[in-house]
Amino acid sequence: MSPRRRIGHVLLALTTVFGLLTGVPPAHAATTPSLEFASPPSQALYGSAYTAALDNLLRINTMGYDPRHNRSGLQDPSVGFVRAGGGYQQPWTRDASVNSWNATSLLSPALAENTLWAVVDKDSAGALRVQQDDQQWDQVVWLTAAWHHYLVTGDQEFLGNAYRTAANTLTIRENATTAGFNATYGLFTGASFFNDGIAGYPAPPADATESVSTGSMPWPGIASGMYLSTNEVYHAAYLSAANMAERLGRPQDATRHRAKAAALKAAINRHFWNPATGLYDYQLLADGTRGAHQEGTGLAFAILFDVASPAQARSILANARSMTWGMPDTYPHWDRYSEAQPGRHNAIVWPLVQGLWAKAAAKAGDPRTFAAETARLAKLANNNSGFWEIYNGTTGVVDGGYQRLGDTVKFHWGSEPAQTWSATAFLDMVHTGLFGLRHTEAGLSFAPTLPAGWGDVTLRNLRYRDADLTIRLRGAGTTISSVRIDGRPARAEVPATLRGAHTVEITLTGAAAGDRDGDGVADAQDRCADTAGTVSGCPAPGRLEAEDARNTGGVKTNVNHTGYSGRAFLDGLWAQGAASSFTLHRPTTAAGSGAITLRYANAHGDARTMTLSVDGRAVRQVSFPKVSDSWDAWGTVTFDGVPVSGRDPVVTLSCGSGDSGAINLDWLEYRGP
């Protein structure tokens with residue numbers, strides 16, 4: 001396991017302290033867009049997740065300037081940088097690149113630029129290069145992020161320095177003896193993209209007890225092997241370098257980089273495409289042994305980086321296997337793992353992968369897959385107080401998975417909170433997928449994907465260069481029937497030279513009839529198109545599992561006690577600000593009052609109190625008597641006379657300033673009009 005993943009738990013304890021020591025607050029504050037759905041259920045699901053993702057990126061994980069990370073000499077001391085997330089303070093190469101590519105370059109260009117330069121240093125002669133850390137195999141993803149940053153900003157000075165960094169880094173990697181180029185196969189060697197732990201690999205090259213190392217590169221079979229995602233990242237890097245060179249007036253360099261990209265694309269298709277499965281294989285060992293396993297990032301990159309033909313892209317989307325809660329990292333379970341003990345990088349859900357997969361689906365014109373993956377990540381975030389690192393693919397519970405640690409086989413890892421690339425994955429689902437933002441040198445174009453059942457949606461206060469955009473989507477589908485900019489008919493694009501405030505209104509058609517949640521209500525008529533239910537397609541309030549509530553303030557899913565119903569219970573209702581909110585979907589708008597029953601656990605020696613609110617207004621403090629000396633025992637309590645009105649009142653149980661809190665929660669029932 002890499003140092004990043006090994007030290008995460010230690011660093012997590014230092015997060016708060018470190019936040020006080022990071023120096024001056026970042027200048028050049030980012031704009032903060034808002035996402036507004038006309039449909040209340042869509043706003044509750046997607047709007048809430050979007051707000052949480054913005055907070056994750058622009059507040060929680062934006063750190064002050066730190067001179068230790070300015071080895072390139074190109075950072076602006078008045079601007080901070082984006083860290084990897086809770087437990088991971090440093091601006092790791094992959095995270096810095098992915099987060100800039102996903103969202104930071106658009107939302108805060110100065111912050112993204114500092115973050116990209118934070119993972120660049122200089123060699124002994126002063127030449128710029130991506131930092132030569134212990135994860136060399138995937139560092140060229142920086143090139144894709146850098147080219148994207150230029151497209152977003154048009155910054156020529158940045159582009160010149162970025163190209164020098166790109167050219168030097170590619171030369172280093174091409175001539176490296178470890179994680180370098182294998183001329184026999186025409187592919188790059190080394191671990192797969194972000195799978196820095198041995199749990200991400202089948203046996204061989206691993207063994208049944210993961211005896212060689214926790215990390216991936218110490219395993220000879222991995223260091224000399226070739227992996228789908230890493231070679232796709234190199235293909236994209238060469239194309240990005242070619243684009244940079246072309247823009248800088250270096251046509252010979254551009255031609256050379258494009259030739260290498262074409263050769264690598266051909267090698268990927270020759271050695272990894274598997275007609276029998278309709279997918280790309282995951283691995284190719286040095287002895288020619290192929291591994292017909294599924295790699296989520298590899299399949300997404302194949303579409304995103306145009307490695308796959310349109311026919312291959314359709315085949316990938318038709319044949320790839322998702323888990324209940326999203327596209328897994330690698331799949332299926334290796335023999336040494338299982339449903340009960342999933343691997344940290346195997347048959348488990350990383351939001352990073354979900355974001356790439358949704359983005360690929362939108363690009364390939366598959367709104368159903370895009371909608372399903374976006375809904376899953378929104379639910380995972382809303383159910384668990386934000387964006388965690390890893391989730392169980394079957395239950396959706398926060399779970400770091402299993403992997404050897406030192407002399408321990410199948411150590412159960414934690415899943416870190418407030419992961420930046422998990423949050424930016426969702427931001428990218430909204431920006432690139434839903435609104436279809438496409439950055440070019442000429443400007444910004446739009447290719448939206450608005451699934452049926454989501455309803456009309458508006459993105460306000462989106463800053464693009466010198467323009468402040470409001471973008472409205474109406475209808476449903478991927479086919480644009482009309483575009484109006486500031487009330488006048490227009491093309492689905494704005495020029496890079498646009499200035500001032502402008503409104504873009506896009507009407508979409510062509511949404512295919514469907515029933516994503518399988519509840520018998522067509523998506524177009526379903527108030528909750530991604531959550532099955534019987535009240536106009538929404539869950540009936542007669543029994544709402546607590547793990548499906550919107551949970552904030554540190555409340556999250558857990559399974560470390562028995563006797564709960566559903567897929568999990570909630571813990572974390574311990575401190576002031578912790579809250580669980582349940583939307584009661586009613587068949588009427590009439591005001592009335594009803595009874596709420598809660599199933600809970602309380603093994604304290606006394607009754608505990610919480611605050612019960614409806615639609616943000618406190619109703620009263622409520623009490624939860626002791627149930628047992630065991631947290632495995634559950635009891636119920638009923639509160640009568642709770643006032644409700646409207647079709648979708650929100651009932652919240654929170655730990656306020658006068659509450660003792662500290663219960664576990666299993667479900668809520670509402671009985672009334």
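Biologist: What makes strand 1 and strand 19 count as a pair?

Modeller: This model is predicted, so every value is computed from it. Strand 1 and strand 19 (residues 457-464) share 4 bridges. Two strands pair at two bridges or more, so these two qualify. The pairing runs in the antiparallel sense.

Biologist: Which residue stands opposite L35?

Modeller: L459 in strand 19 does.

Biologist: What makes strand 18 a partner of both strand 17 and strand 23?

Modeller: Apply the same rule to each side. Strand 18 (residues 443-446) is joined to strand 17 by 3 bridges. Another 3 bridges join strand 18 to strand 23 (residues 493-495). With at least two needed, both count as pairs, so strand 18 has a partner in each. Both run antiparallel. H439 stands opposite L444 in strand 18, and G443 has P495 as its bridge partner in strand 23.

Biologist: How many residues lie between strand 17 and strand 18 in their hairpin?

Modeller: There are 3 residues between them.

Biologist: Why is the link between C528 and C538 called a disulfide?

Modeller: The S to S distance is 2.0 Å. The cut-off is within 2.5 Å, so the pair passes. By this rule the count is 1 disulfide.

Biologist: What makes this disulfide, between C528 and C538, right-handed?

Modeller: The torsion about the S-S bond is about 90°, so the disulfide is right-handed. Both cysteines lie in the loop between strand 24 (499-510) and strand 25 (544-545), so the link ties together parts 10 residues apart in sequence.

Biologist: Are C528 and C538 buried or exposed?

Modeller: Both are buried. C655 is buried too, because its relative accessibility of 5% falls under the 20% limit.

Biologist: Which class does F194 fall into, buried or exposed, and how do you know?

Modeller: F194 has a relative accessible area of 0%. Buried means under 20%, so F194 is buried. F194 sits in the loop between strand 7 (187-188) and helix 8 (220-223). Its phi is near 65°, a positive value in a residue other than glycine.

Biologist: Why is D486 called partly exposed?

Modeller: D486 has a relative accessible area of 32%. That lies between the limits of 20% and 50%, so D486 is partly exposed. D486 also has a positive phi, about 55°, although it is not a glycine. D486 is found in the loop between strand 21 (477-485) and strand 22.

Biologist: What is omega for the cis peptide bond from A203 to P204?

Modeller: Omega is near -10° there. A cis bond also joins P204 and P205, with omega about 10°.

Biologist: What is the volume of the largest pocket, and which residues lie nearest its centre?

Modeller: The volume is about 1,000 Å³. The lining has 40 residues, and L45, K379, T531, P539 and D548 lie nearest the centre. Helix 14 (367-383) gives the largest share of the lining, 8 residues. By class, the lining has 16 nonpolar, 11 polar and 13 charged residues.

Biologist: And what is the volume of the second largest pocket?

Modeller: About 750 Å³. This pocket is lined by 25 residues, with W101, H148, L151, L304 and H439 closest to its centre. The lining divides into 10 nonpolar, 9 polar and 6 charged residues.

Note on methods. Residues numbered from 1 in each chain as written. Predicted model: local features only at pLDDT ≥ 70, side-chain atom pairs only at ≥ 80, totals over all residues. Heavy atoms only, no water. Buried < 20%, exposed > 50% of the residue type's maximum accessible area, 1.4 Å probe, protein only. 1 Å grid on protein atoms, 1.4 Å probe; cavity = no way out; pocket = protein on both sides within 12 Å on 5 of 7 lines; lining within 4 Å. Points joined across faces, edges and corners; volume = space filled by probe spheres on them. Nonpolar A, V, L, I, M, F, W, Y, C, P; charged D, E, K, R; others polar.
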